[in-house]
Amino acid sequence: MEINLWQIIFQAVNFGVVLFLLNRVLYKPVIKMLDDRAKKINEGQLAAEKNLKASAELDKEQKAVLAKARKEAAGITREATAEAKKQAEAILYEAKQKAAAESAQMHKNAEESIAKKQKEMESSIKDLVVATSKKMLESTLSASDISKINKAIAAKLK
Amino acid sequence: MTTKSIALIRTSSKLDASTLKLVNKHLTSLSKQNLSIEQVVDPSLIAGFVIEVGGKEYDYSIKGSLAKLQAQLS
């Protein structure tokens, strides 16, 4: 086998031209494109991390706000419940006082009414007793009895 | 001439002599003088009598006693 020096040189030059052209037309743009892509991915990752971090912060903040709101709501509810309970107790106390006063007044009125009726009844009974005694004496005393009574009264006079 | 004072006796029925004598004795000791007794029958007295003498009234009747009893009970 014969070695053709010119052919080797030609092939070498040809290889060099191809290498140059490939480097110029293909490798550099591809590398540049890959670098740009890597850069974009990196930027995207950074942005994503930043967003994630911001989202986490936001979430944390949201949770804090929510917790605070819940705490405030619980406080308001507690205060409102306490106030309502206080008002209910006051209303109940007032109602009880009023009922007790009315009951006492009714009791007093009833006692007064009973006492009045009792007095009236006693008076009626006394009048009835005297009237009955009078009627009975008038109808039962004979002339002889009356004479005896008159004599007895006269005997007691001093 | 002296005039006797009059004692008015209201009775449920006319007093008999012995009763009248007792009453007269009482009135004499009460007024320190002899009195002329005048009787008036009042059946509403039931029994006993009421003496009116010297502007005063002495009630010894059953009616009066009942009235006193009623006053005490009221």
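Visitor: How confident is the predictor in chain B, by mean pLDDT?
Guide: This is a predicted model. Chain B has a mean pLDDT of 87. In chain B, 95% of the residues reach 70 or more.

Visitor: Where in chain B is confidence lowest, and where is it highest?
Guide: Confidence is lowest in helix H1 of chain B, residues 17–31, with a mean of 87. The highest value in chain B belongs to strand S3, residues 49–53, at 92.

Visitor: And what ipTM and pTM does the complex get?
Guide: The predictor gives an ipTM of 0.87. The pTM is 0.55.

Visitor: OK, the fold of chain B. How many helices and strands?
Guide: Chain B has 2 helices and 4 strands. Along the sequence, the pattern of chain B reads β-α-β-β-β-α.

Visitor: What share of chain B is buried?
Guide: Chain B has 74 residues, and 31% of them count as buried.

Visitor: What about contacts in chain B between residues 24 or more positions apart?
Guide: Take the contacts in chain B with a separation of 6 or more. Residues 24 or more positions apart account for 63% of those.

Visitor: How accessible are B:Glu52 and B:Arg10?
Guide: B:Glu52 is partly exposed, at 28% relative accessibility. B:Arg10 is partly exposed too, at 21%.

Visitor: Which residues are linked with them in a network of salt bridges?
Guide: The network takes in B:Arg10, B:Asp42, B:Glu52 and B:Glu57.

Visitor: New topic. How many residues does each chain bring to the contact?
Guide: Chain A gives 18 residues and chain B gives 21.

Visitor: How much area do the two chains bury between them?
Guide: About 1,800 Å². Carbon and sulfur atoms carry 70% of that area.

Visitor: Which three residues of chain A supply more of its buried area than any other three?
Guide: They are A:Val130, A:Asn150 and A:Leu157. Together they supply 30% of the area that chain A buries against chain B.

Visitor: How many salt bridges and polar contacts run between the chains?
Guide: Between chain A and chain B there is 1 salt bridge. There are 3 residue pairs in polar contact, both residues at pLDDT 80 or more.

Visitor: Which elements of chain A give two or more residues to that contact?
Guide: Helix H1 (5–140) and helix H2 (143–156) of chain A do. H2(A) gives the largest share, 8 residues.

Visitor: How do the residues on that side of chain A divide?
Guide: The side of chain A that touches chain B has 9 nonpolar, 3 polar and 6 charged residues.

Visitor: Back to the salt bridge between the chains. Which side chains meet there?
Guide: A:Lys151 and B:Asp16 meet, at 3.6 Å from N to O. Side chains of opposite charge can pair when their charged atoms come close.

Visitor: Is A:Lys151 buried, exposed or partly exposed? What about B:Asp16?
Guide: A:Lys151 is partly exposed, with a relative accessible area of 35%. B:Asp16 counts as partly exposed, at 28%. A:Lys151 lies in helix H2 of chain A, and B:Asp16 is in the loop between strand S1 (5–11) and H1 of chain B, so the pair joins two chains.

Visitor: What does B:Thr19 touch?
Guide: B:Thr19 touches A:Asn150, A:Lys151 and A:Ala154, leaving out residues up to four places away in sequence. B:Thr19 is in helix H1 of chain B.

Visitor: Is B:Thr19 buried or exposed?
Guide: B:Thr19 is buried, with a relative accessible area of 1%. The cut-off for buried is under 20%, so B:Thr19 qualifies.

Visitor: Last one. How many salt bridges are there over all chains?
Guide: The count is 6 salt bridges over all chains. A:Asp36 also forms a salt bridge, with A:Lys32. The closest N and O atoms of that pair are 3.6 Å apart.

Visitor: How far apart are A:Asp36 and A:Lys32 in helix H1 of chain A?
Guide: They are 4 residues apart, so about one helical turn separates them. A:Asp36 is partly exposed, at 35%. A:Lys32 counts as exposed, at 54% relative accessibility.

Terms used
Residues numbered from 1 in each chain as written. Chains lettered and ligands numbered in written order. Heavy atoms only, no water. Contact = heavy atoms within 4.5 Å. Buried area = accessible area lost by both parts, 1.4 Å probe. Salt bridge = Lys/Arg side-chain N within 4 Å of Asp/Glu carboxyl O. Polar contact = N/O pair within 3.5 Å; in protein donor to acceptor, adjacent residues only side chain to side chain. Nonpolar A, V, L, I, M, F, W, Y, C, P; charged D, E, K, R; others polar. pLDDT = per-residue confidence, 0-100. Buried < 20%, exposed > 50% of the residue type's maximum accessible area, 1.4 Å probe, protein only.
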